[in-house]
Structures are given as C-alpha cells and as structure tokens.
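User: I have a structure open and would like to go through it piece by piece. Can you help me read it?

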Amino acid sequence: MIDVQTLVDCTGATRANSERYACHLNDGMSRFRITSAAVAACFLGQVAIESEGREGRLSAVEEGLSYTSADRLRDIFPSLFVKGGYRAEDYVRKPAALSSLRYKGFHGRGLIQLTWEAAYKAASDALDFDYVGNPALVLEPMHAALTACWFFAEYKGCLPAAERGDIYEVTGRVNGPARLKLAERKAITARAYKVLSK
C-alpha cells in the first residue's frame, strides 16, 4: 500500500506533491503488478527522477520546452536547428510550436514522460482513454500516474529487471541509452527499498 507518508519517505517528494498522486499510484501499481518491494522501489526511483521539477519530485508532469536562447535549442535539438534547417530563433520561448515541430504535439507528459504519438496510441489502446485525441489528459493526476504504471510494467516491460534490482537496465528502458541521473535513480531506489521492506 502506497499511502502519502510512504510516498514521501520513498521519494523525498513534498507532502503536497505526494498527496496529489498517492492514491492514483497505489491503484495503478496494484493494477500493473508493481507490488513487490524490489519492483515498487525501482518504479518509484524512476518516477521520482522523471517527475522532478522546480517544486521537487512528483512536481513536473510535462516536458519543459520553453527555451530562453537559440543557442540552447541548437545544443538540445541539433537535428532540427543545426542539420534540419529550422531557425532556432523562431522557437525561443514557444513551447507549443516546438512541441508541434519536434513531437507533433506528443511531447513528454505524465509522471514518466510519455513521449511520441506511438506511445500515446499504445496507452490509449491499453487503458481505454483517448490520449491521442486529448494528449493533455495525461497531465491530470490520475492519468499521469496510470500511464506511468502502464509504461513501466507493460510498454517497457521493466518488471523482470526491476525484480532483479537491475536499475541500469530499467533506466535504459525508461530513459533511453543516455540513462540520465542513473546515480540518483539508484539512490532513490535504495531509499525506497529500505522503506518498503520494513
């Protein structure tokens, strides 16, 4: 059972952020068999980092696409603004335009950033909600949590690796080959495992 205090203790999120998601995470984790201490800890370690924003963990459920300089856009999206011929200056502080250009509107949303139309379509089919027709639905707490649980357990098939405690593999499945903030993911997973094993 993931209650508010357990979520705070596992992730280091604020109480307010934990209150927003605890019941929805509890429902989704139960539905998608994210239930053993090892698997739940690994999942929460991923969620804590994927949703980390200005207000701490479990606060960012949308990819930040408001860039303040053309140079930064060129650094982050060289395929568009260095090789692709698009003018980075036209997308400074224009997140909706950048989302449309880069992701066709299907940029990262949810507690584990659901990204690309194929993922939204798969989530729609699996969960029976129209995330393709209404991508912003994934920003709502229930859907931010539900899609994260589904993504982890079914879309990316993380359960066996999580049960083994293979955070390197799980991070690769969730975050891609860059495995951003791997050390932090490992630390939060260890913290959560200690809490959930009591």
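User: Which helices each supply at least two residues of the lining of the largest pocket?
Analyst: Helix H3 (37–50), helix H4 (70–76), helix H7 (117–127), helix H8 (141–155) and helix H10 (167–175) do. Helices (H or I, at least four residues) and strands (E, at least two) are DSSP runs, numbered from the N terminus. This is a predicted model, where local features need pLDDT of at least 70, side-chain atom pairs count only at pLDDT 80 or more, and totals for chains, interfaces and linings use all residues. Residues are numbered from 1 along each chain as its sequence is written, and side-chain values use heavy atoms, with hydrogens and water left out.

User: Which helix gives the most to that lining?
Analyst: H10, with 3 residues.

User: What is the volume of the largest pocket, and which residues are closest to its centre?
Analyst: The volume is about 1,200 Å³. The lining has 32 residues, and Glu50, Glu63, Gln113, Asn175 and Leu180 are the closest to the centre. A pocket is an open set of points on a 1 Å grid over the protein atoms alone, where a 1.4 Å probe fits, with protein on both sides within 12 Å along at least five of seven lines; lining residues have an atom within 4 Å of a point. Grid points are joined across faces, edges and corners, and the volume is the space filled by probe spheres set on the points.

User: How many of the lining residues are nonpolar, polar and charged?
Analyst: There are 15 nonpolar, 7 polar and 10 charged residues. Ala, Val, Leu, Ile, Met, Phe, Trp, Tyr, Cys and Pro count as nonpolar, Asp, Glu, Lys and Arg as charged, and the others, Gly among them, as polar.

User: New topic. How many salt bridges are there?
Analyst: The count comes to 12. A salt bridge is a side-chain nitrogen of Lys or Arg within 4 Å of a carboxyl oxygen of Asp or Glu. One of them joins the side chains of Lys181 and Glu52, at 3.7 Å from N to O.

User: Why does that pair tie together parts that are apart in sequence?
Analyst: Lys181 lies in the loop between H10 and helix H11 (182–196) and Glu52 in the loop between H3 and H4, so the pair links parts that are 129 residues apart in sequence.

User: Where do Lys121 and Asp125 lie?
Analyst: Both are in helix H7, 4 residues apart, about one turn of the helix. Lys121 forms a salt bridge with Asp125, and the closest N and O atoms are 2.9 Å apart. Lys121 is partly exposed at 44%, whereas Asp125 counts as exposed at 54%.

User: Last one: is Asn17 buried or exposed?
Analyst: Asn17 counts as buried, at 2% relative accessibility. Asn17 is in helix H2 (residues 15–31).

User: What does its side chain reach?
Analyst: The side chain of Asn17 reaches the backbone oxygen of Glu55 at 3.1 Å.

Terms used:
Buried means under 20% relative accessible area, exposed over 50%, partly exposed in between (1.4 Å probe, protein chains only). A polar contact is a pair of N or O atoms within 3.5 Å; within protein, one must be able to donate a hydrogen and the other to accept it, and residues adjacent in sequence count only if both atoms are side-chain atoms.
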